[in-house]
Amino acid sequence: MKTFEYDILSFPMTRKTSLADMQASLNAKGAEGWEVVSISSSEFTNVGHTVFLKRETTPAGAKT
């Protein structure tokens, strides 16, 4: 059975993160095997963007 691990990235509006910065960060995570599952944004609470990622885990003892 496949298993996964998850990560969450936050890009607050207060940090004024540019799209290029977000893209660079997501490309770096992609190079580590992470895949974007969902993106949530909220302009009303100044949260910015929250990105949910997942990647398949390797079972303990498995050969890679």
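## A charge over a ring

A charge is said to sit over a ring if NZ of Lys or CZ of Arg is within 6 Å of the ring centre and within 35 degrees of the ring normal. In this predicted model, one such arrangement involves Lys-54 and Phe-4: the charged end of Lys-54 sits over the ring of Phe-4, 4.3 Å from the ring centre.

Pairs of rings are a separate matter. A pair of aromatic rings is described by the distance of the centres and the angle of the planes. When the whole structure is searched, zero aromatic pairs are found.

## The sheet

Strands of a sheet pair through backbone hydrogen bonds, either parallel or antiparallel. Here three strands make up an open sheet, arranged in the order S1-S3-S2 with antiparallel pairing. Strand S1 (4-11) and strand S2 (35-42) are the edge strands, each of them pairing on one side only. On average, and with direction ignored, neighbouring strands of this sheet are turned by 15° against each other.

Strand S3 covers residues 48-56, and its antiparallel pairing with S1 runs over eight bridges. Within this part of the sheet, Leu-9 has Val-51 in S3 as its bridge partner.

## The helix on the sheet

Helix H1, formed by residues 19-31, packs on the sheet and touches S1, S2 and S3. The direction of H1 makes about 165° with that of S1.

Lys-29 belongs to helix H1. Is this residue buried or exposed? The relative accessible area of Lys-29 is 16%; because buried means under 20% relative accessible area, Lys-29 is classed as buried. Once neighbours within four places in sequence are left aside, Lys-29 is in contact with Asp-7, Leu-9, Trp-34 and Leu-53. Leu-9, one of these contacts, is also the residue whose bridge partner in S3 is Val-51.

## The segment before S1

Thr-3 lies in the segment that comes before S1. Its relative accessibility is 36%, so Thr-3 counts as partly exposed.

Which residues does Thr-3 touch, not counting residues up to four places away in sequence? They are Arg-55, Glu-56 and Thr-57. With Thr-57 there is also a link between side chains, a polar contact of 2.2 Å. Thr-3 and Lys-54 are 51 residues apart along the chain, and their C-alpha atoms are separated by 10.0 Å. Lys-54 is the residue whose charged end sits over the ring of Phe-4.

Definitions and conventions:
Residues numbered from 1 in each chain as written. Predicted model: local features only at pLDDT ≥ 70, side-chain atom pairs only at ≥ 80, totals over all residues. Heavy atoms only, no water. Phe/Tyr/Trp six-rings, centres within 6.5 Å; stacked < 30°, edge-to-face > 60°. Pairing = 2+ DSSP bridges. Helix = DSSP H or I, 4+ residues; strand = E, 2+ residues; numbered from the N terminus. Axes fitted to C-alpha atoms, helices over the stretch in contact; angles between N-to-C directions. Contact = heavy atoms within 4.5 Å. Buried < 20%, exposed > 50% of the residue type's maximum accessible area, 1.4 Å probe, protein only. Polar contact = N/O pair within 3.5 Å; in protein donor to acceptor, adjacent residues only side chain to side chain.
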